[in-house]
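Morning, everyone. Please have the sequence and the model open while I talk.

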Amino acid sequence: MTIPYNSSLQKATFFLTGFQGLEDLHGWISIPFCSIYLTVILGNLTILHIIRTDATLHEPMYYFLAMLALTDLGLCLSTLPTVLGIFWFDAREIGIPACFTQLFFIHTLSLVESSVLLSMSIDRYVAICNPLRYSSVLTPARIIKMGLSSVLRSALLILPLPFLLKRFQYCRSHVLAHAYCLHLEIMKLACSSIIVNHVYGLFVVACTVGVDSLLIFLSYALILRTVLSIASHQERLRALNTCISHICAVLLFYIPMIGLSLVHRFGEHLPRIVHLLMSYVYLLVPPLMNPIVYSIKTKQIRQRIVKKFEFVKS
């Protein structure tokens with residue numbers, strides 16, 4: 001299918017794609033997706049509710065966890081309408097303004113998550129390497145500034161992407177490979193040169209995810225050096241145990257991202273369903289697993305959740 005260029009951008013549309021060739025099974029496929037979305041929403045709302053209502057959790061570590069939960073919730077909600085719309089109603093058509101809006105939120109929230117993970121690694125670094133200054137360094141005002149700077153940095157860097165895409169004429173096939181809009185996929189449908197989009201996309205990734213991952217690695221190198229200098233074996237384990245949940249969150253975010261990048265770069269010969277599944281893993285697994293990991297591995301969160309369930313039962 002092709003779409004002639006229309007000077008009125010409002011009238012131009014793209015077509016989203018579910019699991020091509022399995023359209024008759026979309027109703028059944030929607031069941032696990034609905035379960036995942038419901039778990040993501042309930043899990044992250046539970047984390048936010050526990051932190052908001054329990055005064056003993058009003059500490060920097062849990063404020064950053066609340067930021068992570070909010071980001072995961074937003075990322076989940078940004079893809080939910082189009083994904084379930086395809087599975088339930090075969091609603092494949094999406095206007096270009098709506099597509100660019102979804103693209104903006106998906107990419108912005110992905111970068112915000114990377115920034116929040118960096119903030120959480122700074123929190124662990126200060127707590128372990130300089131515990132006496134923990135409360136004076138990570139004050140509520142500074143935490144708010146870190147959160148706002150994460151959002152502003154991500155939004156300002158992603159904001160040019162819709163405008164860079166808007167200048168193109170889309171005269172090729174306008175069928176997207178996923179059930180949501182992504183910058184890399186849309187720019188490939190353009191008729192003219194996309195070199196500016198390529199270069200700017202690489203710049204954004206390098207100065208956000210690239211820098212964040214490098215600083216996270218550096219913070220853990222310093223944490224490990226401090227932990228190894230502790231004489232007591234038990235104290236070493238105790239210090240490292242406070243980092244396990246965050247390390248899991250970092251791995252849950254970066255491993256699917258790296259895997260998706262490798263599949264796009266070297267996996268052209270792979271079945272199309274592999275590309276689809278990797279993209280869903282990248283967008284849905286971190287928001288799904290982060291609340292579970294923190295509920296299991298963080299004693300304070302686990303205890304509060306158990307108390308809430310006991311209260312509801314009583």
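S121 counts as buried, because its relative accessibility is 0%. Buried means under 20% relative accessible area, exposed means over 50%, and partly exposed is in between, with a 1.4 Å probe and protein chains only. S121 sits in helix α3. Helices here are DSSP runs of H or I with at least four residues, numbered from the N terminus. Which residues does S121 touch, leaving aside neighbours within four places in sequence? They are I216, S219, Y220, I223 and H246. Contact means heavy atoms within 4.5 Å.

A word on the source. This is a predicted model, where local features need pLDDT of at least 70 and side-chain atom pairs count only at pLDDT 80 or more, while totals for chains, interfaces and linings use all residues. Residues are numbered from 1 along each chain as its sequence is written, and side-chain values use heavy atoms, with hydrogens and water left out.

How confident is the predictor? pLDDT is its confidence in each residue, from 0 to 100. The protein's mean pLDDT is 91, and 96% of its residues reach 70 or more. Helix α5, residues 140–158, has the highest confidence, at 97. α12 has the lowest, at a mean of 84. Over residues 1–11, pLDDT stays under 50.

Now the core. A nonpolar core is a set of buried Ala, Val, Leu, Ile, Met, Phe, Trp, Tyr and Cys residues joined through side-chain atoms within 4.5 Å. The largest one has 89 residues. F14, F33, Y170, I186 and Y280 touch the most other members. Helix α3, residues 96–129, gives the most to this core, with 15 residues. Take F14: beyond four places in sequence, its contacts include F100, Y170, I186 and L189.

Last, the helix packing. α11, residues 272–297, packs on α12, residues 299–313, at about 95°, with axes 5 Å apart. Axes are lines fitted to C-alpha atoms, for helices over the stretch in contact, and angles run from 0 to 180 degrees between N-to-C directions. α11 and α12 are therefore roughly perpendicular. The cut-offs: under 35 degrees is roughly parallel, over 145 roughly antiparallel, 65 to 115 roughly perpendicular, and the rest oblique. In this contact, α11 brings Y294, S295, I296 and K297, and α12 brings K299, I301, R302 and I305.

α12 also meets helix α1, residues 26–53: their axes come within 10 Å and cross at roughly 95°. So α1 is roughly perpendicular to α12. On the α12 side, the contact is made by I301, R304, I305 and K308.

Technical notes
Helix = DSSP H or I, 4+ residues; strand = E, 2+ residues; numbered from the N terminus. pLDDT = per-residue confidence, 0-100.
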